[in-house]
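Colleague: I have a structure open and I'm new to this. Could you show me how to read its features, one at a time?

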Amino acid sequence: MNQYYDSHRHPRHPWRPRLVTRHLSPERIFILSFAAVILMGALLLWLPVSSDKTSVPWVDALFTSASAVCVTGLSTIQVGKDLSVAGQVVLILLFQVGGLGILTFSAVFFVLMGRGLASKEHDIMQSVFLYAPRRDLASILKFVLVSTFLYEGAGALLLWARFAQDFPPGDALFKAVFHAVSAFNNAGFSLFSDNLVSYQGDPIVNLTVMGLIVAGGVGFIVHYELHMRLFGSQRRLSVHTKVVLIATGVLIVGGAVLFFAFESNRILKDLPWENRVLASLFQAVTPRTAGFNTVDIGMLANETVLLMLALMFIGASPGSTGGGVKTTSASLLFLIMWSRLMGREEVNVFNRTIPRELLQRATSITLASSLFVCFVVSILLFSADYAVPPDESRHLFVKYIFETVSAFGTVGLSMNLTPDLNTPQKLAIILMMFIGRVGPLTLAFSLARMTGRKGLTYAEEGVMVG
């Protein structure tokens, strides 16, 4: 018998208000939880206490809240100047909750209280953090919360040691906590007007922020399996963990090498050698949904922009604080292509065969995400001010694509376009950030729930392909 029941049916939960209702599917609950936090955050940022001088306009408060909850990092205001300390604290809470999810905090709370999860809560948590059903979900949820604060605490201490050389101790501590939480949750918000360009050659800041970004982006189940492999009873890593680790390493190393090659005679030309290496590594890591930058993104060459578009679209890994179509989806698409080129019908990796429904799910997510991006780019173009020269108009087209993919991948990098967006464009980017954060996961969850449903089967007939 299933051990998970709704609260009004389970005798162990007579007192607990249900987090879900019978009429809400897990996908809708997931979406509504993010939407509710975004609206609450917008209201808090809109209040005068959250601003440094005058109140933040409502559309900018909504944009900033959506960007924080969706852990994107795009901003139409200067966080370090336009928000008060109270507003910046609200921002920290928003991208902390957005990174893990409000339902995760609720679920962990009930687990720590010794209460089980209702069936829908269990389904949602499993879809968010796991690639397959497991019996130790409660242990994994506890591990998620503890590891999050351990990573953020360690990162904050390292950054505090560095920032204390430039700011008073209290101010340095706040900046360290802000950037550590922002980095681990792949939010990309910074209190500095130039993001992290001022620390371009600083190894402590660069390595700490990169480490937090990667740690938050590989997914909690990967951390859990590595922990159990080293300190527990687990003897082998799953195919999921192996694929994530290899894909992450390839994207970071490959991205850094290509960035260095593309920009060595341009934006990196006059920098010291160590700054070139750090900047190349940093810009290979940060498009994977983080949003920090140590160079001026608006000055990158076209080929580098294309590279970063690809990295942003792929994004982080499932079950992480990042967005994008995920490293596993990109890996599966590559494996499909490789298998077809080798004349094999099945996709095999690490002596395992990937189920066909997973391959179809990865293809569907990637195609749907591409269509979402095209749709929002069209809205930006339609809402743009065309009273500009043709050359500038073509340049804006590239900026719009970059901004949209950055929003979808919940990255936060911008070619200096975000503050110039008009109200319809801001609303379009808010939609894109929301879709980028909850869309792929919700779609994956929906497809997983429909797996096994059989429809009508007709006589087969082929069409020409290629």
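Modeller: Start with helix length. The expected span of a helix is 1.5 Å times one less than its number of residues. Keep in mind that this is a predicted model.

Colleague: How many residues does helix α4 have, and what is its reach from first C-alpha to last?

Modeller: Helix α4 covers residues 85-100, which is 16 residues. Its reach is 23 Å, close to the 22 Å expected. Just past its end, G101 has a positive phi of about 100°.

Colleague: Which residues of α4 are buried?

Modeller: Buried means under 20% relative accessible area. In α4 the buried residues include L91, F95 and L100. G87, G98 and G99 are also among them.

Colleague: What about the chain overall?

Modeller: The chain has 17 helices and two strands. It has 466 residues, and 54% of them count as buried. Its accessible surface is about 22,000 Å², with 65% belonging to carbon and sulfur atoms.

Colleague: How many residues are in the largest nonpolar core, and which have the most contacts inside it?

Modeller: A nonpolar core is a set of buried nonpolar residues joined through side-chain atoms within 4.5 Å. Here the largest has 69 residues. L91, F95, F402 and M433 have the most contacts inside it. Take M433. Beyond its neighbours within four places in sequence, its contacts include F63, C70, L74 and A407. Another core lies apart from the largest one and has 33 residues, among them I140, V144, F220 and F292.

Colleague: Now the rings. How many aromatic pairs are there?

Modeller: A search of the whole structure finds 12. To sort a pair, look at the angle between the ring planes: over 60 degrees counts as edge-to-face. The planes of F163 and F192 are at 75°, so this pair is edge-to-face. Their ring centres are 5.7 Å apart.

Colleague: Why does that pair tie together separate parts of the sequence?

Modeller: F163 lies in helix α7, while F192 lies in the loop between α8 and α9, so the pair links parts 29 residues apart in sequence. Both residues are buried. They also belong to one aromatic cluster with F167 and Y199.

Colleague: Which charged residue sits over the ring of F167?

Modeller: Here you check the distance from the charged end to the ring centre. K175 has its charged end over the F167 ring, 4.7 Å from the centre. Elsewhere, K242 lies over the face of F350, at 5.2 Å from the ring centre.

Definitions and conventions
Residues numbered from 1 in each chain as written. Predicted model: local features only at pLDDT ≥ 70, side-chain atom pairs only at ≥ 80, totals over all residues. Heavy atoms only, no water. Phe/Tyr/Trp six-rings, centres within 6.5 Å; stacked < 30°, edge-to-face > 60°. Helix = DSSP H or I, 4+ residues; strand = E, 2+ residues; numbered from the N terminus. Buried < 20%, exposed > 50% of the residue type's maximum accessible area, 1.4 Å probe, protein only. Lys NZ or Arg CZ within 6 Å of the ring centre and 35° of its normal. Areas by Shrake-Rupley, 256 points an atom, 1.4 Å probe, with all protein chains shown as cover. Contact = heavy atoms within 4.5 Å.
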